[in-house]
Amino acid sequence: MTMSGLHIVVIGGGSIGQAVVWQAIEKSAKVTLFDRDQGRLELMRKVGRSFIQDETLTVLGSESIFAELNRLAAFHCVILATSWQDGRYLLKQLAEQYKVPMLMLGRPDINDPLISEIELQSTNNPILMGTGLEPGLIEGLAASMMSRVPKMTSLTTYCGGLPQHPSGIFGYKQVFGRRLPIDPRISLSIRDGTVLSAPRFSQVEHVHFEHIGLLEAFDDAMMATTASIFSQQVDHFSQRTLRWPGFARAAQACSQLGLLSDDCVTIGEEKLPIRDIAEKLLTRTDTEATVETTLDNDFVLCRWVVENSDGQHGSVTLHMAAPATSTAMAYITAAFALAAAVTALTEPQPGLIYPHHPMMQTCTLNFLRDLRHDGNAVIVTTGIFKEILKGDFDGKVY
């Protein structure tokens, strides 16, 4: 996939935003990056000096976004590599002023009243809501499966970014965001066509993956928009997050002990939130670790499992190892976001586009077809998917 001739605007220079920048440049796009963190900006200017000199890359502070965008002769797409909370109002402002595709990589809060206002601004351009790994790739392939598997009754997805070697009480390494994903919230699932809710981490399943071992899975990632659409198409649907065993129990313990509180305690002359102190203590880094052990040696594991009314089963498994230049999570999230951007530019459909949308189903299949040529990815099909997806994915042994 080439992006030659395209000018992509990226907002957010964290690990995901940086991966988007480098992959876009690798695909021959021109990129303008905005970020509010001066340290990140200096790092990007240093690492990307040669690209800045040949005007392939521009790195700017986020306080000047609209002034700088108005100076540009043209740009084709805006990718917000931020959380929903950090980017929600900016997305609304951008949608009001610029008629180009907008991609929000963070998980949107479906109950946010601002979404209705954004929708009113999206009559002339597509606004893609949740365009990363999950939400994004997971729901896109799940929706495609529902349209391709005859008489499907059950679908379960599994998805997780995990460190190769778990350590600490969570066995988890934070790749993006400012807080661990352990907040107590309500999770959704579908049983007998009815959308059910339950506390996050309350229903833990243990699943064995060949060559990896035992992992735990829990209902966690389903958005209300996905639940509303999928409950009309399948009897049973679960969207489960994968972690090393012990993650859910540790998260529950932190909540029960009050360690996730935003209440402040005074230490010396400073007032610090209890949660910030707890996270620092619970995820502290070994100061004697070598360079090799501190590298982001993570992997991404995804699996879609289906059953139909004839008792036939099938699955698709994706295993993504970390490339030399990025974490696996950042790499695959950025790669899917850029595939979605190209799809939105070549098949523009105005309005809010959620991951289950037909346009995103097409994007997902095209992305996975391309991904099978990536040396870091392995995609395996079993059961009824061997025939349904025949020719789409390699039949590598996993």
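This is a predicted model: local features need pLDDT of at least 70, side-chain atom pairs count only at pLDDT 80 or more; totals for chains, interfaces and linings use all residues.
Residues are numbered from 1 along each chain as its sequence is written, and side-chain values use heavy atoms, with hydrogens and water left out. Helices (H or I, at least four residues) and strands (E, at least two) are DSSP runs, numbered from the N terminus. "Buried" means under 20% relative accessible area, "exposed" over 50%, and "partly exposed" in between (1.4 Å probe, protein chains only). "Contact", or touching, means heavy atoms within 4.5 Å.

**Nonpolar cores**

- A nonpolar core here is a set of buried Ala, Val, Leu, Ile, Met, Phe, Trp, Tyr and Cys residues joined through side-chain atoms within 4.5 Å.
- The largest one has 77 residues, and Met145, Trp304 and Leu318 touch the most other members.
- Helix 12 supplies the largest share of this core, 15 residues.
- A separate core holds 26 residues, including Leu90, Met102, Ile115 and Ile118.
- Setting aside neighbours within four places in sequence, Trp304 contacts Leu137, Ile138, Leu141, Ala142, Met145, Leu155, Thr156, Thr157, Gly314, Ser315, Val316 and Leu318.
- As background, nonpolar side chains tend to be buried together in soluble globular proteins.

**The cavity**

- A cavity is a set of points, on a 1 Å grid over the protein atoms alone, where a 1.4 Å probe fits but cannot get out; its lining residues have an atom within 4 Å of a point.
- Grid points are joined across faces, edges and corners, and the volume is the space filled by probe spheres set on the points.
- Searching the whole structure turns up one cavity of 30 Å³ or more, and the largest cavity holds about 30 Å³ of space.
- Its lining is made of Leu141, Ser144, Met145, Arg148, Leu365, Phe385, Ile388 and Leu389.
- Helix 7 (137-148) and helix 14 (385-388) are the elements that give two or more residues to that lining, and helix 7 gives the most, with four.
- By class, the lining has six nonpolar, one polar and one charged residues; Ala, Val, Leu, Ile, Met, Phe, Trp, Tyr, Cys and Pro count as nonpolar, Asp, Glu, Lys and Arg as charged, and the others, Gly among them, as polar.

- The expected span of a helix is 1.5 Å times one less than its number of residues.
- Helix 1 (residues 15-26) has twelve residues and should span 16 Å, which agrees with the 17 Å between its end C-alpha atoms.
- Nine of the twelve residues in helix 1 are buried, among them Ile16, Val20, Val21 and Ile25.
- Helix 12 (residues 328-346) has 19 residues and reaches 27 Å from first C-alpha to last, close to the 27 Å expected.
- Since 17 of its 19 residues are buried, helix 12 is largely enclosed by the rest of the structure.
- Thr343 sits in helix 12 and counts as buried because its relative accessibility is 8%.
- Beyond neighbours within four places in sequence, Thr343 contacts Pro348, Met359 and Cys363.

- Thr157 belongs to strand 7 (residues 152-163) and is buried, at 0% relative accessibility.
- Leaving out neighbours within four places in sequence, Thr157 has contacts that include Glu134, Phe237, Arg240, Arg303 and Trp304.
- Ile274 is in helix 10 (residues 274-282) and is partly exposed, at 23% relative accessibility.
- Ile274 and Leu260 are 14 residues apart in sequence, with 6.8 Å between their C-alpha atoms.

**Backbone spots to look at**

- Glu134 and Pro135 are joined by a cis peptide bond, with omega about 10°; Pro135 is in the loop between strand 6 (126-129) and helix 7.
- Lys151 is not a glycine, yet has a positive phi of about 55°; Lys151 lies in the loop between helix 7 and strand 7 and is partly exposed at 49%.
- Phe201 also has a positive phi, near 75°, and is found in the loop between strand 9 (194-199) and strand 10 (204-209).
- With 4% relative accessibility, Phe201 counts as buried.

Technical notes: On a 1 Å grid over the protein atoms alone, a cavity is a set of points where a 1.4 Å probe fits but cannot get out, and a pocket is an open set with protein on both sides within 12 Å along at least five of seven lines; lining residues have an atom within 4 Å of a point.
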